Amino acid sequence: MVAAIAGRIEQEAVAAGGRVATSHGMTVVTLLPENLLGVIRRLKAELGFDLLLDVTAVDWPERTPRFDVVYHLYSTTQHVRVRVKTAVSEGEPVVESLVSLYGSAGFAERECHDMYGIVFRGNADLRPILLYEGFTGHPLRKDYPKLAEQPLVPYRTERT
Amino acid sequence: MTPPFDSGLPNPVRPAFERGERDDAVIVNIGPSHPATHGTIQVIAMLDGEKVERVDIHCGFLHRGFEKECEDHTWHNLIPYVDRLNYVSALVNDFAYCEAVETLMGVEITPRCRYLRTLLSEYSRIADHLTCIAASLMELGAMTAFLYMVMIRDYIYEHLADLTGARVTYSYGRIGGLARDLPEGWLARLGEILDKYEMFVGRIHGLMDRNRIFIDRTRDVGVLSTTDAINWGFTGPMLRSTGAPRDLRKDTPYLAYAELDFDVPVGIKGDNYDRYYVRMREMDESVYMIRQLMDMLPAGPLNVDDRRCTFPDKTLVYTEIESLINHFKLVMDGPVVPAGEVYTAHEAPNGELGFYLVSAGGGTPYKVHVRSPSFVHMGGTHRLLEGYQLADIIPTFGSVNMIGGECDR
C-alpha cells in the first residue's frame, strides 16, 4: 500500500522534473519552485494528500540556492506522509502559496515568512504572526545572532 | 483616517479589518491578557449586535524563540525545553522528541521503556483532557465539575512528581530511554488513582451530560464539518469530534499502541458538545489502555546499552577513565547524531505533534521545527467563532484547548 503510493508519488515528481528519495521511511520529493504548486495540487487531487501539516524552511548559508522550503503532507485515507522540498535563493526567496489548496497553509506560511523571510506569492495575508509589527530581520536565519536585540519600542501614547 | 496612535509606530498587531462594510458594526478586542482566554491570545472580532461577523486571531505573545534557542544546545539539553511546549502534557512532548532523535541515530529503545512511555503518554493525556474540560466547564459556571476534575489532575501531578521529581515540567524522557525507573509502589498507587478517576468522572457525566444549561451553551455552537476540519489542518479530538475516526495511534501505530485494544471515539457534528464528549470518552479509553499496560509492562533494562546516547553508570564514571571520558563527551559535545532529517509525529492530546529535526552530524541540532497542533488550530479557529454569539467565543475557544507554550513556541 505505502509502496504503491510511493511509486505514484515518484511518477508525479519525475513527470515534473523533480527528484525522489526515501529518508527514514518517508518519501521526500525535491522540486523546482515553479513546479511546486502543480505537483502538490496533483498530490492532493490524485493521491489523497488532503492534510497540509506544516510549512517551514531550512537555511543553508553556504549553499546556493540558500533556502529549502519544506512541506509535510499527510493522507488521512492512506495514512502516508510525504515531504516536499524546494530550494529558493536568497535574492528571490519566492514560492507559490498553497492557500488555494489548503486553509492551513495560511498560518504556516505566515510563520515561515516571519522566521525566514520566504515570500509566498498568492498569500495576501503575510502579516507577522509570532513576531510583531516592526520587527526587523528574520530570526531563524543562520545570520541572525541569537543575542541580537530589537530596537526599543517607545511608549505608545493615548489614542488621538 | 488618522492613525490610531500618535507615536508614529505601527501597532504590535495590525488587524485584518479596520471597519465593517456597515457603519453599525462594532470592532471589539479581546485579550491578549484576558482572564477568560486561558493563554495569551488576542481575538479581534467584528460584531453585528451580539453576533460575531468576522474574527482575526493573533498569537505569538508567548513566543520565546524556542526553535532558535534549540540550535545552540546539545540534543540532550533540549529535553527540558520541549517540556515547556505543551506544559499540560509535557511527557508526550518528551517522548515524541526523543523518538525523533532516536530515529535519526538508529537507536531502538528497550521493551520496558516502550511500554512505560506508552503508559505515561496515556496518563498525560488524561491530565491534559481533564485540564481542558475543567477549564471550559468553569468558564460556563460549573465550579463543582471544575473542582472534581482538577482534584483528579492534582492526584496525577503529585503521582508523576513521585516518579519524575517535578509536578508539571518533568524532563523525564532521555534519548534512548527514560530518566529513572518506577519507584516502589508506583503502580499500586496508579491503580488507586484510576479508580478515583472513574468515580469522579462518573459524577461529571451526571452533572453535565444532560444538563439543560450546558447543552444550550454547547450544542450546535462552533460547528465544524470534517472537510473543513481537514482543510484547516485540524487533528486530534477536534477532527474526531466531526466524526472522522482519525487517530495516529491507530493509523500509524508507534510505541506499543499496535498491541493495545482501544476504540477511537468520534463525535456526530463537531460542535462544542461533541468536543467535550470526545475528550471524556478518550480519557476512558486511556484508562483502559493504562490498565492493559500495567499488566503488560515487562521487566528488564530501561535504557539502551548504547554509549552514543546513554550516560554511563555514575559509579563507573568515578572509577574508570573510559566512562569518565564518555560522560564528559556526552555532556560537553552532546550525543553525535548522524546527518539527516526526520519528521516524527505522535498523537498528542491536542492533535498531531510533529518534530522535524535536521542534523548536520554533530552534537547540536541544525534545525528543530515543531508542528504544534495548537498553532495550526489557531489558523482555523475563526471558522468556529464566526456566525455565533459574542458570549460563545469563550466556550468555543476553551474547547479548542489552545496551549500558549506550544502555539507560540
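Let me begin with a definition: two strands pair if DSSP finds at least two bridges between them. What we are viewing is a predicted model.

With that definition in hand, consider chain B. Strand E7, residues 351–359, pairs with E8(B) in the antiparallel sense, over five bridges. One of the residues to look for is B:Leu357, whose bridge partner in E8(B) is B:Val368.

Is strand E8 of chain B largely enclosed or left open? Five of the five residues of this strand, 367–371, are buried, so E8(B) is largely enclosed by the rest of the structure. In a regular strand, side chains alternate between the two faces of the sheet. In E8(B), B:Val368 and B:Val370 point one way, while B:Lys367, B:His369 and B:Arg371 point the other way; all are buried.

Helix H3, residues 90–105, packs with helix H4, residues 111–139, at an angle of about 145°, and their axes lie 8 Å apart. The crossing of H3(B) and H4(B) is left-handed. On the H3(B) side, B:Leu91, B:Val92 and B:Phe95 meet B:Arg117, B:Leu120, B:Ser121 and B:Ser124 of H4(B). The residues of this contact comprise four nonpolar, two polar and one charged.

I turn now to chain A. Chain A contains three helices and seven strands, and along the sequence these follow the pattern α-β-β-α-β-β-β-β-α-β. The C-alpha trace of chain A spans about 60 × 35 × 25 Å along its principal axes. Of its 160 residues, 40% count as buried.

In what order do the strands of the open sheet in chain A run? There are five, in the order E1-E2-E5-E4-E3, with mixed pairing. Strands E1 (19–23) and E3 (51–59) of chain A each have a single partner strand and stand at the edges, so one side of each is left without a neighbour in the sheet. From one strand to the next, the twist averages 25°.

E1(A) pairs with strand E2 of chain A, residues 26–31, in the antiparallel sense over five bridges. A:Ser23 has A:Met26 in E2(A) as its bridge partner.

Two helices of chain A pack on this sheet. Helix H2, residues 33–47, touches E2, E4 (67–75) and E5 (80–88) of chain A, and its direction makes about 170° with that of E5(A). Helix H3 of chain A, residues 105–116, touches E3 and E4 of chain A, and its direction makes about 10° with that of E3(A).

Key
Residues numbered from 1 in each chain as written. Chains lettered and ligands numbered in written order. Predicted model: local features only at pLDDT ≥ 70, side-chain atom pairs only at ≥ 80, totals over all residues. Helix = DSSP H or I, 4+ residues; strand = E, 2+ residues; numbered from the N terminus. Axes fitted to C-alpha atoms, helices over the stretch in contact; angles between N-to-C directions. Contact = placed C-beta atoms within 7 Å. Left-handed = near helix turned anticlockwise from the far one by under 90°. Nonpolar A, V, L, I, M, F, W, Y, C, P; charged D, E, K, R; others polar. Buried ≥ 20, exposed ≤ 12 C-beta atoms within 10 Å, placed from the backbone.
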